[in-house]
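Welcome! The notes below will walk you through it topic by topic.

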Amino acid sequence: MNFDYSEEQQLLADSVRRFLQKSYDFETRKQIVGGKGWSSEVWAQFAQIGLIGLALPAEHGGFGGGAVDLMGVMEAFGETLVVEPLVPTVVAARLVARAGSDEQRKAVLPGVVEGRLKLAFARDMRGVLGAPLADSLVVFEKGSLFLVAAKDVTMQPHRALDGMLAADIAFSESKAELLKNNANQIVEEAVDFATALVCAEAVGAMKFACDTTLEYLKTRKQFGVPIGSFQALQHRIVDMVISCEQARSMACLACSKVDQSESANERARAVSAAKIRIADAARHVSQESVQLHGGMGMSDELKVSHSFRRLTVLARAFGDADFHLQRFASL
Amino acid sequence: MDLNYSQDELAFRDEVRAWLQANLPADLKEKGERYEHYTKEDLLRWHRILASKGWVAPAWPKEWGGTGWNVVQRYIFEEELGYAGGPPLVPFGLSMCAPVLLRFGTEEQKKRFLPRIYNGDDFWCQGYSEPGAGSDLASLKTRAARKENHYVVNGQKIWTTLAHYADWIFCLVRTDPTLEKRQEGISFLLMDMKAPGITVRPLILMDGAHEVNEVFFDDVKVPAENLVHEEGKGWTVAKYLLGYERMNTGRIGESKRQLARLKEFSSSKANDARFRDRLTRLEVELMALEITNLRFLDRMRRTGQPPGADVSMLKIKGTEIQQALTELALDAADPHASDAFTDAVRRRYLSMRKTTIYAGSNEIQRNIIAKMTLGL
């Protein structure tokens, strides 16, 4: 039993945090979101630090890591509200690694690891995260996985609630390269992997929301005293912190079970349980963080309104609480 | 990161589980499953079985009968003990009075009381709350006046759990009512429940059960040698006990057993999506609390730091889960049934409302977290 990150995992998370603190402050993020919706310099840095290849096979330039290796990184992403599409790219790339032929892997994975290629993964053809940036799409259709070049797809790009780039996609006579038939299990595994990462990201966003709200309670004065001296508010922030701790526990469970489970059932149970708790916690923490900020919580100027948006999206990403309640009960 | 127990820890758990299964008397286990109340004899029987195995006070120093287990082993043991069912180990002697004596008691006090606590010879209760001193414990008024080599005690305690079984009571009393700082006039005193002038009066709670009492002190003579630590240092003693590392605050093992029971007798509702979702959310909350508990434990093991306000979090979540379990059980029960078991399930719902109130209400626990962890 050990809940710590390994030295390498901690070093990586720390260096990502340092990079984001330096180059991804809230103002920079605003410019990125208000502009193209992503930054090629930031993406190149992610590749340079080794984030993109961290959970991809070593034979194609990656590091062969798993969800726990990315967990600290995702927490840092959540704290900073990073909009670059790491999860879509990594999940799609892992599908290519698992389902593709040697040739397909060689054609795609080194480029992904080096930051030259970005991918997206489509199950539902609406709201495909990261699709507008992707060079290729990994598409799951009728039990089979295909690789489709983005230029062969019709896209309706839009911004998700949290400013991330997404698109509705459609195919017409599009060239699709088969990766694998009967890919249900592989896709389920990849989606569980993505869900675990999203859980870790949500924990980071919740940590930010709790920290910034606590800071506000200590500095905002009304009636001549910091509002954090009021018990009604103290108890509410305590409950936020408890939610966040419970969520963190479940993110640990999801990430470690995704890496270490002996059965698909064990993995799925852990991931669904985690997503239920984290969806509930994300709702609770985000709503309270805005409420305790009063009017300022509503303001676009404050980062807390952006963590609210991110948490609202993450609570629903890869299945909301209702979906996972259903799935958990069926396992 | 590895959420699994080590091979050694798993072997330890299996050993504990097997022994508990083999040695918990069937009638006591069944009594628990029927949600019947345990008698004093029931409580002491299980206590003595564990004592004869050497497992009744794992946390004590070895010289007094402790097992020398590390924090993880102690947690595993407590969880298994809860999971096994059977009567609870009453904490007042084993994990409240004894740690205080071990920390602050004289050699004579340790020799006099600890072996008898260990063997179940003395049944202890706790005299803290008073009618005017609940959450605001430091406002307590029970007066102990020093007269030569003894104290004369007058006043009243309330909510005194199992005082009607007890041979001894440890009390917070006011030895100096003149001090401006209220905490400084409080002392920690041990009293023989058979002493003249002590009256125990039952308080029947809404489930109809007699667990708690009022205890009245009317010119009770207490030998001065029964004072623990120095006069006026009772608050220090009480605070030490609050921070004392208890492994079982979240009652994970007990709640796991209740969850399994609930799943059994709510099986007719397995296809009721509304009920099922509530049950799943509760199961997930319990999973999360177990991992949270293990995370705290892991941190404690590595840093050697006492758990501090982490315990408050476990208390809040643990008791919320315990209550939610009884509420779901109530909803799973046939509303028209009148058999003894269904009646016990209903009464249990009533009874467990106490958990978020006792041992520092959950509101007080939130105050502690706000102050200690968040610096508010």
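At what angle do the axes of α8(A) and helix α12 of chain B cross? In this predicted model, they cross at roughly 80° and come within 9 Å. Keep this pair of helices in mind, then follow the points below through the chain contact, the domains and the sheets.

**Where two helices meet**

- Helix α12 of chain B covers residues 362–372.
- An angle from 65 to 115 degrees counts as roughly perpendicular, and α8(A) and α12(B) are therefore roughly perpendicular to each other.
- On the α8(A) side, the contact is made by A:Gln234, A:His235 and A:Val238.
- Helix α12(B) answers with B:Glu363, B:Arg366, B:Ile369 and B:Ala370.
- Sorted by class, the residues of this contact of α8(A) with α12(B) are three nonpolar, two polar and two charged.

**The wider contact between the chains**

- Chain A brings 28 residues to the contact and chain B brings 29 residues.
- On the side of chain A that touches chain B, the elements giving two or more residues are α7 (184–219), α8 (231–260), α9 (264–292) and α12 (321–330) of chain A.
- Which helix gives the largest share of that side? The answer is α8(A), with 13 residues.
- The side of chain A that touches chain B is made up of 18 nonpolar, seven polar and three charged residues.

**Two domains in chain A**

- Where the domains touch, 26 residues come from domain 1 of chain A and 29 residues from domain 2 of chain A.
- On the domain 1 side of that contact, α4 (67–80) and α5 (86–99) of chain A each supply at least two residues.
- The largest share of this domain 1 side, 10 residues, belongs to α4(A).
- By class, the domain 1 side that touches domain 2 of chain A holds 17 nonpolar, three polar and six charged residues.

**A sheet of four strands**

- A reminder before you look: strands of a sheet pair through backbone hydrogen bonds, either parallel or antiparallel.
- Chain A has an open sheet of four strands in the order β1-β3-β4-β7, and its pairing is mixed.
- Which strands sit at the edges? They are β1 (119–122) and β7 (176–180) of chain A, and each pairs on one side only.
- From one strand to the next, the twist averages 25°.
- Strand β4 (residues 144–149) of chain A runs antiparallel to β7(A), and four bridges join them.
- To find one of these pairings on screen, look for A:Leu145, whose bridge partner in β7(A) is A:Lys180.
- Helix α5(A) lies across β1, β3 (136–141), β4 and β7 of chain A, at about 80° to β1(A).

**A sheet of three strands**

- Another open sheet in chain A has three strands in the order β2-β6-β5, with antiparallel pairing.

Methods: Residues numbered from 1 in each chain as written. Chains lettered and ligands numbered in written order. Predicted model: local features only at pLDDT ≥ 70, side-chain atom pairs only at ≥ 80, totals over all residues. Contact = placed C-beta atoms within 7 Å. Nonpolar A, V, L, I, M, F, W, Y, C, P; charged D, E, K, R; others polar. Pairing = 2+ DSSP bridges. Axes fitted to C-alpha atoms, helices over the stretch in contact; angles between N-to-C directions. Parallel < 35°, antiparallel > 145°, perpendicular 65-115°, else oblique.
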